[in-house]
Amino acid sequence: MKLNYRNWTFVLLLVVSSVSWAQEVTLSNNLLYDTWLTPNLRVGLRLSPHWSLGLTAGYRPWPTDDQATRKYKHLLISPDLRYWTDSVNVHHFFGFNLLYAHYNVGSITFPLGFWKSVRDERQQGDFGGIGAYYGYSWPLGRHWNFEAFIGAAVGYNKYDRYQCAHCGAKIGNEKKVAVIPQAGLNIVFNIPGRPRQVEEPVLQLQPVVEAPVTAAVVVKPFAPALTAVPDFKGRAGQLQQENPVVQHISNYRPYDRTRILRKEKDALFVHFDQGKSLLNANYRDNQRVMDRIVDITRQIMSDSASSVKKIQLIGLASIEGAPAVNERLAQNRALALQKYIQQEVTVPDSLFETVGGGEAWADFRDHLNDLASGPVLDGSAVESSLRQAIAIIDNEPDDIAKERKLRSLNGGKTWKYIQEHILKDQRNSGYIRIYFDYVPDKAAATINEASELLTTDCGDCHREALRLLQTVRNDERAQNALGVALWLNGQKDEALSCFRRAAANGNKDAYNNLRQLENQ
């Protein structure tokens, strides 16, 4: 099939635009599409700092009279995926979309003399294609953006040709590959919108009062408020604040058997029946814990601003039975939890540190000590024997001999108490830590470097700071520092605009800088 560029002006207007970086959901309307009297809407969803997903629909049902000669009826469906070049304050984006259109077009005169064939005949059919485009977004306010994009698509077109008058008789059909342009001018509504304006963020200029000739007007030097910008750590950084089981890779600590896992902060444990390594979701609280483990793993694995470095899983067995058997049992319990995670989330084996911890003597002794140090249990004899059990653990080096002595302690009463209150908690597999690293935040590093230069009295340093900040001027976090740099370089109107923008987004330093300049 040969390429054909005819009969496709109407598809030029059948794609709409995108989302703003800081919002989770957007609603968009293509103004170019509106000029052809076609209702259209795009719903956008933020997936990650760099990616968004959207779905466009356009439908023009009229004229409903099939006898009408002039027609531009069509239905468009177009899902798209967008990549934003800046993960913090996005304006540039690149899009990839699929297009499907069903159309009935006739007696239409397109601009610039394109596609003359539909002036004298009607064409009805279907188009399917794939496209790519580049766009730019301008913020207009708390809830609004304006966007423009341009690109092209290639696809397969199958349509029937008719005489124009009164729908006309069929005169043939065509099957062709077509390359078409894409363009849009979009008005975008952001949900929930940018932060509300803080109280009194706008500089109130005071009237100028001429001082007496004999008096000197004293103006205090501008002492800008500047605070270092923290790195953007993505979803993993947010999860770390809520879940201590999530840790940065710099905090990694390899497992050794002296660690008391029951005291590991926020570690997640699933439990097993005695002598078993089969993971049972209905046993104890396993289902809730398993769901939480999968949820945390899935969120971090899907976060483009961070990467999983290591998932630390430790399997344990109680002290009952032969140590060699318990070694295998503990290893199999750890592997059972790894297998379950991989069934629910795609995680390669290389990211797991899956370790069998054998018999949980460190946890067992710690649990004994907690019970012995607590209130009276069910009699002084049991409480006293718990302290004797601790002494046996500390002084007997052989694990088999330890267990034998513990079983015979206090006529077997102490061992019965241990079985009922301690050993069932030791048959577990622990999701101890998930370690991550985040993508370096180059914008934050640039802002902080420029802020350091702005704290000096060096004019060249101030000019260099302004140059650096111009490279990240679309980042909301840069607005206060950019305002300081503009002010110190004599561009005061632009500086005030940056301060007001930053203050409206909740930046306290910018608000203080506005107040300071107002008092001058």
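# Terms and values in a predicted model

User: What share of the 520 residues in the protein is buried?

Analyst: Buried residues make up 47% of the 520 residues in the protein. A residue is called buried at under 20% relative accessible area, exposed at over 50%, and partly exposed in between, with a 1.4 Å probe and protein chains only. The model is predicted, and local features need pLDDT of at least 70, side-chain atom pairs count only at pLDDT 80 or more, while totals for chains, interfaces and linings use all residues. Residues are numbered from 1 along each chain as its sequence is written, and side-chain values use heavy atoms, with hydrogens and water left out.

User: Why is Glu396 counted as buried?

Analyst: Glu396 has 16% relative accessibility, a value below the cut-off for burial, and therefore counts as buried. This residue lies in the loop between helix H8 (380–395) and helix H9 (399–408), where it touches Ala401, Lys402 and Lys405, not counting residues up to four places away in sequence.

User: What makes the pair of Glu396 and Asp398 a polar contact?

Analyst: A polar atom of the Glu396 side chain lies 3.1 Å from the backbone nitrogen of Asp398. A polar contact is a pair of N or O atoms within 3.5 Å, and within protein one must be able to donate a hydrogen and the other to accept it, with residues adjacent in sequence counting only if both atoms are side-chain atoms.

User: Why are Asp266 and Asn410 called partly exposed?

Analyst: The relative accessible area of Asp266 is 25%, between the two cut-offs, so Asp266 is partly exposed. At 30%, Asn410 likewise falls between them and is therefore partly exposed. Asp266, in the loop between strand E10 (246–248) and strand E11, has a phi near 65 degrees, a positive value in a residue other than glycine. Asn410, in the loop between H9 and helix H10 (413–426), has a positive phi near 60 degrees and is also a residue other than glycine.

User: Which residues have the most contacts inside the largest nonpolar core?

Analyst: That core has 29 residues, and those with the most contacts inside it are Val246, Ile296, Ile300, Ile311, Leu337, Tyr431 and Ile434. The name nonpolar core stands for a set of buried Ala, Val, Leu, Ile, Met, Phe, Trp, Tyr and Cys residues joined through side-chain atoms within 4.5 Å. Elements that each supply at least two residues of this core include helix H4 (234–242), helix H5 (286–301) and strand E14 (428–438), and H5 gives the most, with six residues. Val246 touches, among others, Ile296, Ile300 and Ile434, not counting residues up to four places away in sequence. A second, separate core of 28 residues includes Val484, Ala502, Ala503 and Leu517.

User: What do the buried residues of H14 pack against?

Analyst: The buried residues of H14, including Leu496, Phe499 and Ala502, pack against helix H13 (479–488) and helix H15 (508–519). In H15, the buried residues include Leu514 and Leu517, and what covers the buried residues of H15 includes H13 and H14. Asn507 caps the N-terminal end of H15, with a side-chain oxygen 3.0 Å from the backbone nitrogen of Asp509.

Conventions:
Helices (H or I, at least four residues) and strands (E, at least two) are DSSP runs, numbered from the N terminus. Contact means heavy atoms within 4.5 Å.
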